[in-house]
Amino acid sequence: MREKSPVKMPDFVAYGGDWNPDQWPEETVREDIELMQEAGVNLVSLAIFSWAKLEPSPGQYDFGWLRQIMDQCAEAGIFVDLATGTASPPVWMARQDPNSLPVNSSGVRMEFGSRQQYCPSSPTYRKHARALASALAREFQDHPALAMWHVNNEYACHTFTCHCSACTTQFQEWLRARYRDIDALNRAWNTYFWAQIYSDFSQIHTPKDAPTLRNPAQMLDYWRFSDEQLLSLYRAEADAVREYTAHLPVTTNFMGDFLPLNYREWARYVDVVSDDCYPEPSRADSAHEVAFRADLMRSFKQGQPFILMEQTTGMVQWRAQNAMKRPGQFRLWSLACVAHGADGILQFQWRQSPGGAEMFHSAMVDHSKRLSRRWPEVVQLGADLQNLREVLGSRVETEVAVVADWDSARALHLSEGPTQFPAVFDGPRQWHRTLWEANIPCDLIGVEDDLDRYRVIIVSQMVIDYPDFASRLTAAVKAGAQVVVTAPTAVMDPTMRAVLDGYLGSLSPLLGVRVTDLNLLAPQEAESGVEGRGRPHPVTDRISSAVGVPGASDTRAVEVENLALRRALEGLCDPTPAIHTGLWGELLKIDSDEVEVAATFADGDLAGEPAITRHQVGQGQAWYVATDLDSVGRAALLRVLAASGRVSMRANDLPAGVEYVRRGELDFYLNHGDKAVELAGITGVDRLTGQALTGHVVLGPRSAVVVADK
Ligand code: GLA
Ligand code: ZN
């Protein structure tokens, strides 16, 4: 099914990357074009960091060189994703108006000499950025190579907040508009704690460095404010280019689940979502990260395809250790991204830098050019993508949703305690992974999104209580949806004030339970003794050897009582595996006789207490999980939900390592494993090779087939 859109998206699967020809001599540009044609490149992002060349002095534009490059692109059949060039202002701006430079939380003004050195509130920056975007659009509006606009670059990647006096004043204005009267702010921020009471908005500063913990509610509001400041910058530039080219898509590149910017909100203002994705190749769970990120991007616009705007072909240079992608992995992850909804695969960057801070970052063309091991893979992927043209605009059908609420993730991140989870969106990410491991497609939705189309809905670590969401979720369950809610959820309101009388707030009637106590079990290391000095000796450490720590010495198992759950567990493998918990446990108060205790904590201080509950409501069921289940527990519970929700489990009998995704009419089989595998019963045509498949397919390590019926 094709999306109707007011703008014209490229009618090819985009392939290419950031290209910085202005950083190279002319003969390199000629070589670039030749290599691009060899690799099947059809879209390049131009001028992202070219402001100093586009506007060498204030108001004096020099677009001649860019026109020459764009002409060459047009001649070679390569389209351009043209940047507005505003990501890195030239030195003249810093010297003319030092206040255009951002101020960090210690009050230090950042110096010129890197990138993204602008204060989001600076009138100087705003004026020049908008003017440049507008001038570029006027200049190139009719250029045949122009296909898309790339506004700025990775907003907030380095400069998210600024603490200068202009930002402080704007923050005060923002607060005044939000709270109107200062007492409302005092209540929302609970300023009675630590004598933080304000009597006027003008007394409030951005949350700079302070002697100790800052007010989390103030931090969250400051993040919301800073996010809106940047969004307004984006929107000003997007409007400026749309004035000239209303028919062309406008985007700005996102950074996945980057908490400072609420991309679900930003997505409303881009014509196509685009993402920069750099999973760590040395982690086994990075294959999942590719899927998680892609599903998140696809879900921002209710299933509309997105563009992978940046990834690396090999390694990055900004981690302490920069592992190289393994042979085939660049191609495989790119195809996985297409399977999950990408209509284009672009890289940072086309040609590896000859110097500067990113010279050790891989590119499509490395320093050794065609000699690099990756060049054939780069060329092959270009051909693959041309063969997949029929995916354009097509959808991934889903019956399951995992809620990933931005403000909840931010609030959890900014709150002091109850514990630090291993990653942002940790709960949604773990449940998404369980679905992915079972080849069940799902969306990662926000609390405002439509719930009616889903048979299974998972709400994990949504710490903010949203009464409206709770009532829509209840309606969905009554109509037959299977819902699982996991901890910690609905423990605070949107201003980070605690939910009183039992957590779960407005979700508790649906679940039939409330949470009375949060309980953190001790990390395993606590077992090993006192401050790392070895285990206490039973004779010499007469007292301390007899002292236990919460949860460290028990198995952290849960005892399953519910029959369906037990059957599902038995069905996973032989012998039946046990379900364990992580570090999290809670005490519940059960409010209704209709609540079934489906599993209990097996031992430790929570022994015998409910770990999983089930509440039948109308046609559906609402489960509550009072712990962070391990993957066995999640998989077993998911099987129960999928069975009662009649979710199709098409491909959960594939060999280890193989991911299956259906997008539109194409079946993607992606072997992430290190071993070749055999797939049986596969007939049709492999779109990548054109080969007919007659039942039996051998998939090499890190390789894929994309099967069409004919
Ligand atoms: C980001 C930026 C690029 C480049 C890459 C390096 O994604 O947008 O300009 O710095 O990181 O990984
Ligand atoms: Zn500022």
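1. Surface. The protein chain of this predicted model exposes about 29200 Å². Carbon and sulfur atoms supply 50% of that area. Areas follow the Shrake-Rupley method with a 1.4 Å probe, and for residues only the protein chains shown count as cover.

2. Conventions. Residues are numbered from 1 along each chain as its sequence is written, chains are lettered from A and ligands numbered from 1 in the order in which they are written. Local features need pLDDT of at least 70, side-chain atom pairs count only at pLDDT 80 or more, totals for chains, interfaces and linings use all residues, and side-chain values use heavy atoms, with hydrogens and water left out.

3. Overall form. The radius of gyration of the protein chain is 27 Å, in agreement with the value near 27 Å for a compact globule of 710 residues. This radius is taken over C-alpha atoms, and the globule rule is 2.2 Å times the number of residues to the power 0.38. The C-alpha trace spans about 75 × 75 × 60 Å along its principal axes.

4. Of the 710 residues, 58% are buried (under 20% relative accessible area, 1.4 Å probe, protein chains only). Among contacts with a separation of 6 or more, 72% join residues 24 or more positions apart; a contact means heavy atoms within 4.5 Å.

5. Secondary structure. The protein chain has 18 helices and 25 strands. These are DSSP runs numbered from the N terminus: helices are H or I with at least four residues, strands E with at least two.

6. Helix 14. It covers residues 426-437 and reaches 16 Å from first to last C-alpha, close to the expected 16 Å (1.5 Å times one less than its number of residues). Nine of its 12 residues are buried, so helix 14 is largely enclosed by the rest of the structure. Among them are R429, W431, H432 and W436. N439 follows helix 14 and has a positive phi, near 55°.

7. Cis peptides. One cis bond joins F348 and Q349, with omega about -5°. Q349 sits in the loop between strand 9 (342-347) and helix 12 (375-387). Another joins D574 and P575, with omega about -5°. P575 belongs to the loop between helix 17 (563-572) and strand 16 (579-590).

8. Positive phi in loops. E154, a residue other than glycine, has phi near 35°. Its loop runs between strand 4 (146-150) and helix 6 (165-179). At 9% relative accessibility, E154 counts as buried. Q302 is not a glycine either, and its phi is about 50°. Q302 lies between helix 10 (286-300) and strand 8 (306-310).

Terms used. Buried means under 20% relative accessible area, exposed over 50%, partly exposed in between (1.4 Å probe, protein chains only).
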